[in-house]
Amino acid sequence: MSYYKIADLEQYFKHYKKSVREPRKFWGKIAEENFIWYQAWDKVFEFDMGKGDIKWFLNGKLNITKNCIDRHLSKRGEKTAIIFEPNNPSEEPQHISYNELYTRVSKTANVLKSLGVKKGDRVCIYLPMIPELAVTMLACARIGAIHSVIFAGFSDAAIRSRVEDCGAKVIVTSDGGFRGEKTIKTKEVVDKAIEGLTSVEKVLVVKRTNEPVSFNNKIDVWFDELYEAAEASNIAEIMDSEEPLFILYTSGSTGKPKGMVHSTAGYMIQTAYTFQNVFDYKEGDIFWCTADLGWITGHSYILYGALLNGATTVIFEGIPTYPNPSRYWDIIDKYQVTHFYTAPTAIRSLMTNDYSYVASHNLTSLRVLGSVGEPINEEAWHWFNDFIGKKRCPIVDTWWQTETGSIMISPLACITPTKPTYATLPLPGIQTVLMDEKNNEILGNQVMGSLCVKFPWPSIARTIWGDHERFVKTYFSDFPGTYFTGDNALRDEVGYYRITGRADDVVIVSGHNLGTAPIEDAINHHPAVAESAVVGFPHDIKGNALYGFISLKKEGSTRDRDNLKKEINQLIADHYGPIGKLDKIQFVDDLPKTRSGKILRRVLRSIALNQLDNFGDTSTMINPEVVSSIIENRL
């Protein structure tokens, strides 16, 4: 029996039990039967959860691009690997076959090598959603360089912190990018980000907008010129199973962003396996995930998971409302998309438009719908099911994280009975548990607790780049012997899981995990600001939005408040990125604090949620009088 493809619910339970009882046999068989290896592994896994030391497929040798591209060439060479749909619908799309993808990746790999990039070097990629972004990621993997994609909406300060942290040798960017009616000046942002940085040796610039940009001949090089001259073949680097594939930064509840390091073999195997089973992928399907490649969803299910299965994947440069709110439905109709994987934020936004935008399109090609990034609310789930899926397409409500690498809890399309707002059951190999405040596992059903995983899985992140101590403290210390997800969850009467929210100071806004600490840090740069605290509150479209409680210095208290709000949001955009802007800003005399000076964010969170009955234990609060004033003036 092959463990790679699950046929029905009975087989799911058999596979799940096998994965728990005999994980070595389960994952070893999947790895052996479905992937190309230069050398087999000596041992399927070894781990010490207390030390955050986890290894899979020890001493195995492989290259992920051989599995994503080369092995498909004999049978699928002319099959479309990537469909590129540009921002402007009048621009010609691109259909990139597996043969052409091999050539593009090989040539780009040779371009990187010509710039001195070698195995183990870090390459930061700050590109819009164009084919060169996917190709560059694969080219890095081809030569053993570690790619670190930075979402092209981040500010120069956010780029700089990531480049400095990983010590990137090369940055790949473009002269600009298109997003709706806007032209994004990506090169200009990068120039500002790397001023004075000595680690960056070259900036490789892709032509997209063909608008003039400043060019420093000492470090800037045009991609197109080197690409034309590059050899069209490249021998893939032999990688050890545990060598890093990429670093992807995610927000921390405190301090700087965390550079999550994902290894090669474990990540490859589990992204491929989950793509196949969660989405019920079949040969000939057209898969479209609307995420950006700058996020883990894009890494795992636009790129690696899709190509590992020989699928056709769509890359879309634009936004759902340009040139009008029918753009998503245009694309589904145009390419006969079978799988549509998007975020609840996008669904809620599209729900607000007149239904004629949907009704005028043929969506009968759709077979599976997916939700990712945050828990989907019931109203959005039903609209998605009724109006897009026509009650015939299963909705896979997927829960996972940057740290997990691949989907952890989800229905299996066409197999698992779905329930609105529930991610349902853990996938084979994922041993989820709920823990109480005393570090005890909560047994049985109809219970709530902190969501943890008590056994490692292949695609789990291996460390935080340059700070393994932080990795252990963040994920393996709160509930010893388990991985703590940072999420709270409930388990219903049949064992289905529902994610109920974050347990730390991370707010999920439009599907993006935003750490409040760096946003507060940006606010506090304003000369009029004394202190700030940022919390989340429910938002009809975004799921959650950000509410800032801000106290002013004496000299700032006389400033015009409307202008102050604009300046503060501009600071956030400059230091963090526009996605961190505050929807609500309330100026307060002081923030509620403990005697040790710690801001009581849970009190502010309750005020933002209008939950005023019980603030929990406030015995340590040194200034309780400020709470009534904040409540009286809440927005």
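Modeller: Let's start with Asn-439. At 36% relative accessibility, Asn-439 counts as partly exposed, because that class lies between buried (under 20% relative accessible area) and exposed (over 50%), with a 1.4 Å probe and protein chains only.

Colleague: Before we go on, what am I looking at?

Modeller: This is a predicted model, where local features need pLDDT of at least 70, side-chain atom pairs count only at pLDDT 80 or more, and totals for chains, interfaces and linings use all residues. Residues are numbered from 1 along each chain as its sequence is written, and side-chain values use heavy atoms, leaving out hydrogens and water.

Colleague: OK. What is phi of Asn-439 near?

Modeller: Near 70 degrees, a positive value in a residue other than glycine. Asn-439 lies in the loop between strand S21 (432-435) and strand S22 (447-453). Helices (H or I, at least four residues) and strands (E, at least two) are DSSP runs, numbered from the N terminus.

Colleague: And Ser-510, where is that?

Modeller: In the loop between strand S26 (506-509) and strand S27 (512-515). Phi of Ser-510 is also positive, near 50 degrees. Ser-510 counts as partly exposed, at 22% relative accessibility.

Colleague: Switching topic. Which peptide bond is cis?

Modeller: The one from Tyr-322 to Pro-323, with omega near 0 degrees. Pro-323 is in the loop between strand S17 (312-316) and helix H12 (327-335).

Colleague: Now the inside. Which residues touch the most other members of the largest nonpolar core?

Modeller: Phe-57, Leu-101, Phe-279 and Tyr-304, out of 123 residues. A nonpolar core is a set of buried Ala, Val, Leu, Ile, Met, Phe, Trp, Tyr and Cys residues joined through side-chain atoms within 4.5 Å.

Colleague: Which helix gives the most to this core?

Modeller: Helix H6 (residues 131-143), with 9 residues. There is also a second, separate core of 27 residues, which includes Trp-381 and Trp-383.

Colleague: How do H2 and H10 pack?

Modeller: Helix H2 (residues 23-34) and helix H10 (residues 265-278) pack at about 85 degrees, with axes 11 Å apart. Axes are lines fitted to C-alpha atoms, for helices over the stretch in contact, and angles run from 0 to 180 degrees between N-to-C directions. That makes H2 roughly perpendicular to H10, a label for angles of 65 to 115 degrees.

Colleague: Which residues make the contact?

Modeller: Phe-26, Trp-27, Ile-30 and Ala-31 of H2, and Ile-269, Gln-270 and Tyr-273 of H10. Contact means heavy atoms within 4.5 Å.

Note on methods:
Angles under 35 degrees count as roughly parallel, over 145 as roughly antiparallel, 65 to 115 as roughly perpendicular and the rest as oblique.
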